[in-house]
Amino acid sequence: MTATVFIDGAAGTTGLEIRERLAGRPEIILLTLDDSRRKDPAARREALNDADFVILCLPDDAAREAVSLIENDRTRVIDASTAHRTTEGWVYGMAELEPAQPALIAEAARVANPGCYPTGFLALVRPLVRAGLIPHDWSVSVNAVSGFSGGGRSMIEEYQQPDPPAFRAYAMALGHKHVAEMQRHARLAVPPIFTPAVANTYRGMVVEVPLPLHAMAPRPTLAAIEAALQEAYRGSPVVRVGSAEALTVSIEENAGSDRLTVRVFGNAETGQMRLVATLDNLGKGAAGAAVQNLNIMAGFDPGAGLVL
Ligand SMILES: NC(=O)C1=CN([C@@H]2O[C@H](COP(=O)(O)OP(=O)(O)OC[C@H]3O[C@@H](n4cnc5c(N)ncnc54)[C@H](OP(=O)(O)O)[C@@H]3O)[C@@H](O)[C@H]2O)C=CC1
Ligand SMILES: CC(=O)N[C@@H](CCC(=O)OP(=O)(O)O)C(=O)O
């Protein structure tokens, strides 16, 4: 079986990464618009309606506009933007989120690709909330650092200027656009406190959730937490539970790949724990997840095109 695929925003940071992952796959016919027509609404409307699958790699407003240009019931959408991640009628495109998620993605006409930070956060937290090891009304913090390609073309250009900051904390007003998505899909009663930062490196992320196990009743053990994550990701080609023997965790660990690694660090005596995920903002955090979703929706080999 073959499928026609149109990437709207194919010249952007995420679009280019997806094109690389789809190149040379005989089951995929890529529809492309040349540079002079890639922003032309009429050309985009035609491509959006000709394709079996469209992958939107656009700013939020342009992604909403693209969806409104689809005038048939056949074209299925994967949206990499933030526009539809908490929208009714859209399936959240994180195959590892729930045991039933791949089946929902497989049937969906509209799939919202997760944000990069929420991908790391949900991989750490959702299995533990589901297992009752983190109370659903717990106030969770998430501290994270991303490579600067996470900010798309404009941030890449900024970091190409002389003397960019080595490390820059942001979203100081605690209103980052990913908070709603994290809360909803982790099924938490209150929004997480999200403290992101950008490092002077192109790609990669470290996402961390510190938790005081000693304050929870009953107090979960580190072993029970790790067992719940092992259970959640058994057989996953993309997510693995890494060793807690590591003395440090680097942002480069999964940079340049579509893998995601979760680890459980802690001090059993004090009952303090650090859950840590590494991934690539452009890999599992964007393009890797989009290709994974396309494979599931089209019935292709689930690992095809992924950098694993
Ligand atoms: N970068 C990342 O790590 C991640 C990004 N995302 C999301 O993916 C989406 C794309 O981000 P990213 O690739 O980083 O951004 P970029 O800015 O690198 O790319 C966006 C692309 O969309 C094009 N574009 C803008 N408006 C239109 C329009 N009306 N019609 C057609 N093309 C248009 C831009 O063209 P031009 O440059 O000429 O304006 C550009 O090529 C965003 O919603 C982002 O939030 C999601 C997860 C991670
Ligand atoms: C470093 C950086 O700026 N990162 C981006 C998020 C990247 C991402 O996941 O993007 P979307 O939610 O837009 O898809 C930010 O914080 O806005």
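Analyst: Domain bounds here come from an automatic or database domain assignment. On that basis, the chain splits into domain 1 (3–114 + 286–298) and domain 2 (116–281). The C-alpha centres of domain 1 and domain 2 are 25 Å apart. Keep in mind that the model is predicted: local features need pLDDT of at least 70 and side-chain atom pairs count only at pLDDT 80 or more, while totals for chains, interfaces and linings use all residues. Residues are numbered from 1 along each chain as its sequence is written, with chains lettered from A and ligands numbered from 1 in the order in which they are written.

User: What makes up the contact between domain 1 and domain 2?

Analyst: Two residues are in contact if their C-beta atoms, placed from the backbone, lie within 7 Å. By that test, domain 1 puts in 14 residues and domain 2 puts in 21 residues. On the domain 1 side, the largest share is four residues from helix H9 (residues 283–298). Helices (H or I, at least four residues) and strands (E, at least two) are DSSP runs, numbered from the N terminus. By class, that side of domain 1 has six nonpolar, six polar and two charged residues. Ala, Val, Leu, Ile, Met, Phe, Trp, Tyr, Cys and Pro count as nonpolar, Asp, Glu, Lys and Arg as charged, and the others, Gly among them, as polar.

User: Why is Cys116 called buried?

Analyst: Buried takes 20 or more other C-beta atoms within 10 Å of a residue's own, exposed takes 12 or fewer, and partly exposed is in between; C-beta atoms are placed from the backbone. Cys116 has 28 C-beta neighbours inside 10 Å, so it counts as buried. Cys116 sits in helix H5 (residues 116–130). Beyond its neighbours within four places in sequence, Cys116 is in contact with Ser146, Gly150, Met205, Asn281, Gly285 and Ala286.

User: Which residue does UniProt list for "active site"?

Analyst: Cys116, from an unreviewed entry. UniProt also places "domain: Semialdehyde dehydrogenase NAD-binding", again in an unreviewed entry, at residues 4–105. Positions use the numbering here, feature names are shortened, and annotations may be inferred rather than shown by experiment. In the model, the 4–105 span is 34% helix and 19% strand, and its end C-alpha atoms lie 18 Å apart.

User: Why is Ala246 called partly exposed?

Analyst: Ala246 has 13 other C-beta atoms within 10 Å, so it lands in the in-between class. Ala246 is in the loop between strand S11 (239–241) and strand S12 (260–267).

User: How do you know which residues surround ligand 1?

Analyst: A residue is near a molecule or strand if its C-beta atom, placed from the backbone, lies within 6 Å of it. For ligand 1 there are 27 such residues, the closest being Gly12, Thr13, Thr14, Ser81 and Gly152. H1 gives the largest share, three residues. Domain 1 and domain 2 each supply at least three residues of this shell. By class, the shell has nine nonpolar, 13 polar and five charged residues.

User: And which residues are closest to ligand 2?

Analyst: Gly115, Cys116, Ser146, Gly150 and Gly151, out of 13 that surround ligand 2. This shell has four nonpolar, nine polar and no charged residues.

User: Which residues touch the most other members of the largest nonpolar core?

Analyst: A nonpolar core is a set of buried Ala, Val, Leu, Ile, Met, Phe, Trp, Tyr and Cys residues joined through C-beta atoms within 7 Å. The largest one has 81 residues, and Val5, Ile55, Leu56, Phe121, Val125 and Ala290 touch the most other members. Domain 1 and domain 2 each put at least three residues into this core.
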